[in-house]
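Subject: Structure for your files, with notes

Dear colleague,

My notes on what was found in it follow directly after.

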Amino acid sequence: MVVKVYGPAYGCPKRVLVCLIEKEIEFETVPFNLSKGDQNNPEFLKLQPFGEVPVVQDGDYTLYESRAIIRYYAEKYKSQGTDLLGQTIEERGQVEQWLEVEANNFHRPIYDLVIHVVYAPIKGLPSDPKLIEESEKKVSKVLDIYEERLSKSKYLAGDFFSLADLSHLPFTHYMVNQMKKEYLIRSRKNVSAWWDDISNRPSWKKVLELYKYPV
């Protein structure tokens, strides 16, 4: 059964796509346009009542929330493709810990930056300079912690690429490219090496080649 993924152009669905490629899972994508109001389509709201992407359909099984989806497929196909969860329960604990850090400490301020630095000007909406400044400080603080962590291991959860690293790809890409804030990465030696490593994985390059960001 081919997995169907909604909204491949956007950041969070890209988290799912790179996971599926790493796990060698066959999938197809469903184009989705937030600007045209696809999120308000009654049929889509039956799949995702909050009107957000990604959503996956896997036969009769439907799942939403990108981190829930990548956890699901990394576990379901653990012995297939790249092992993204670790080999021991302790490694799995580290993966889960750093995936939670990404979701709760890294993603929130970087998401605010994307909205105010990238999308607000395009849509003719006012940006909040104070929020931008505060969000960049929060991201910098997280990256300082990453710098220390990555001085001790190649990747966040240990010396293996995992969901914890993968989950950073879509929005760090925004930061480095569309937001022109690559200096936040390059000013930290270990973070810089880590980013060069994960952003050059064939899976991520394939996602970027096949599914362009909307801006």
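In β4, Q57 has T62 as its bridge partner, and V56 stands opposite L63 of that strand. These pairs belong to strand β3 (residues 55-58) and strand β4 (residues 61-64), which run antiparallel and are joined by four bridges; strands here are DSSP runs of E of at least two residues, helices are runs of H or I of at least four, and both are numbered from the N terminus. Two strands are taken to pair if DSSP finds at least two bridges between them. β3 and β4 form a hairpin with two residues between them, and G59 in the turn has a positive phi of about 65°.

Before going further, please note that this is a predicted model, in which local features need pLDDT of at least 70 and side-chain atom pairs count only at pLDDT 80 or more, while totals for chains, interfaces and linings use all residues. Residues are numbered from 1 along each chain as its sequence is written, and side-chain values use heavy atoms, with hydrogens and water left out.

Angles run from 0 to 180 degrees between N-to-C directions, and axes are lines fitted to C-alpha atoms, for helices over the stretch in contact.

The axes of α1 and α3 come within 9 Å and cross at roughly 10°, which makes α1 roughly parallel to α3; angles under 35 degrees count as roughly parallel, over 145 as roughly antiparallel, 65 to 115 as roughly perpendicular and the rest as oblique. In their contact (heavy atoms within 4.5 Å), C12, R15, V16, C19 and L20 of α1 meet S66, R67, I69, I70 and Y73 of α3. By class, this contact of α1 with α3 has seven nonpolar, one polar and two charged residues, where Ala, Val, Leu, Ile, Met, Phe, Trp, Tyr, Cys and Pro count as nonpolar, Asp, Glu, Lys and Arg as charged, and the others, Gly among them, as polar.

Two further helix pairs deserve a look. The axes of helix α5 (residues 129-149) and helix α9 (residues 189-199) come within 7 Å and cross at roughly 85°, so α5 is roughly perpendicular to α9. L143, Y146 and E147 of α5 make the contact with K189, N190, V191 and W194 of α9. For helix α4 (residues 89-123) and helix α7 (residues 169-176), the axes come within 10 Å and cross at roughly 45°, and the two are therefore oblique to each other. F106, H107, I110, Y111, V114 and Y119 of α4 make this contact with F171, T172, Y174 and M175 of α7, and the residues involved divide into eight nonpolar, two polar and no charged.

Finally, the UniProt record, an unreviewed entry, lists residues 1-81 as "domain: GST N-terminal"; that span is 36% helix and 20% strand. The record also lists residues 88-215 as "domain: GST C-terminal", a span that is 72% helix and 0% strand. UniProt positions are given in the numbering used here, feature names are shortened, and annotations may be inferred rather than shown by experiment.
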